[in-house]
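Dear colleague,

Please look it over first, and then read on for what was found in it.

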Amino acid sequence: MLATTGLGIIRGERAVFTDIDLAVEPGEAVVLRGPNGAGKSTLLRILAGLLSPTVGRVTWDGAAIADDREAHGRRLRYAGHGDALKLALTAFDNLAFWARFEGTPVEAVDDALDRLGLGALGMLPAGVMSAGQKRRLGLARLALAPRPLWLLDEPTVSLDAASVDLLAGMIWDHRAAGGMVVVATHDGLSLPNARTFVLEKAA
Ligand SMILES: Nc1ncnc2c1ncn2[C@@H]1O[C@H](COP(=O)(O)OP(=O)(O)OP(=O)(O)O)[C@@H](O)[C@H]1O
């Protein structure tokens, strides 16, 4: 289980948020909502271990993630605002890079591309893909191999309605297999039985 206790962070001499207590259990989805600047991306980066809170702590099964950030990194997938693509490489080679990097067999790449509806575009350089196709390619990393925790920051930006449904289906399957997801979104990504966690804009 992922949990935060008394989490707070100061950025630019301003408290972005304070006292965040959040627990996520296997199979659960938490949707982060709140106005621009409320701290949704900041919270996701803290949950990923990419940013340290000013106060409070994040634990996984009771152990502080700060004690072993690499182990924490291996149990999660983080999809931020950027698509993390090399534009000169084909869609296939972009995913193959990540597969090799994380020790997943490259054979998983074709399935991951298919899962995001990109099976026919594998040989296309990422640089010529449309914004929505690039976004789907970035999200295809979710399908490379299972990881218990998905942290998704505005994953539906640039996606058409069919692709949003595709992503919702992937999240459903991930949860059905015991996975957890924390997702920041401003739009209508509809996740059944999801819990909403609202971040208020600090004064
Ligand atoms: N390096 C930094 N230095 C100072 N302030 C920062 C820094 N990084 C982020 N902030 C501030 O932290 C606050 C929270 O930013 P964050 O990106 O987490 O918000 P958000 O809720 O994800 O917003 P949005 O809905 O626009 O994506 C913002 O006011 C931002 O200006």
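Please keep in mind throughout that this is a predicted model.

Strand β4, which covers residues 55-60, is joined to β5 by 2 bridges, and the two run antiparallel. Besides the pair already mentioned, T59 stands opposite A64 in β5. In the hairpin of β4 and β5 there are 2 residues between the strands, and D61 takes a positive phi near 50° there. Strands β1 and β4 also run antiparallel and are joined by 5 bridges, and across this pairing T5 stands opposite R57 in β4.

Turning back to the helix, which residues of α1 are buried? They are K40, L43, L44, I46 and L47. Because these residues cover an arc of only 160° around the axis, they are on the same side of α1. The buried residues of the helix pack against β1, β2 and β4, and also against β3 (29-33), β7 (149-153) and β8. Just after α1, G49 takes a positive phi of about 80°.

The largest nonpolar core has 50 residues, and the members that touch the most others are L47, A91, L113, A140 and L151. Strand β8, residues 180-184, supplies the largest share of this core, with 5 residues. At least three residues of the core come from each of domain 1 (1-75 + 148-203) and domain 2 (85-146). For L113, leaving aside residues up to four places away in sequence, the contacts are A91, F92, L95, L118, G119, G122 and A140, so that you will find A91 and A140 both in this list and among the core members with the most contacts to other members.

Two further residues deserve a look for their backbone angles. In general, most residues other than glycine have a negative phi. D19, which lies in strand β2, has instead a positive phi near 55°, and D19 counts as exposed because it has 12 C-beta neighbours inside 10 Å, where the limit for that class is 12 or fewer. N193 is likewise not a glycine, yet its phi is positive, at about 55°. This residue is found in the loop between β8 and β9 (195-198), and with 9 C-beta neighbours inside 10 Å, N193 therefore counts as exposed as well.

With best regards

Technical notes
Residues are numbered from 1 along each chain as its sequence is written. This is a predicted model: local features need pLDDT of at least 70, side-chain atom pairs count only at pLDDT 80 or more; totals for chains, interfaces and linings use all residues. Two strands pair if DSSP finds at least two bridges between them. Helices (H or I, at least four residues) and strands (E, at least two) are DSSP runs, numbered from the N terminus. A nonpolar core is a set of buried Ala, Val, Leu, Ile, Met, Phe, Trp, Tyr and Cys residues joined through C-beta atoms within 7 Å. A residue is buried if 20 or more other C-beta atoms lie within 10 Å of its own, exposed if 12 or fewer, and partly exposed in between; C-beta atoms are placed from the backbone. Domain bounds come from an automatic or database domain assignment. Two residues are in contact if their C-beta atoms, placed from the backbone, lie within 7 Å. The arc is that of the directions from the helix axis to the C-beta atoms.
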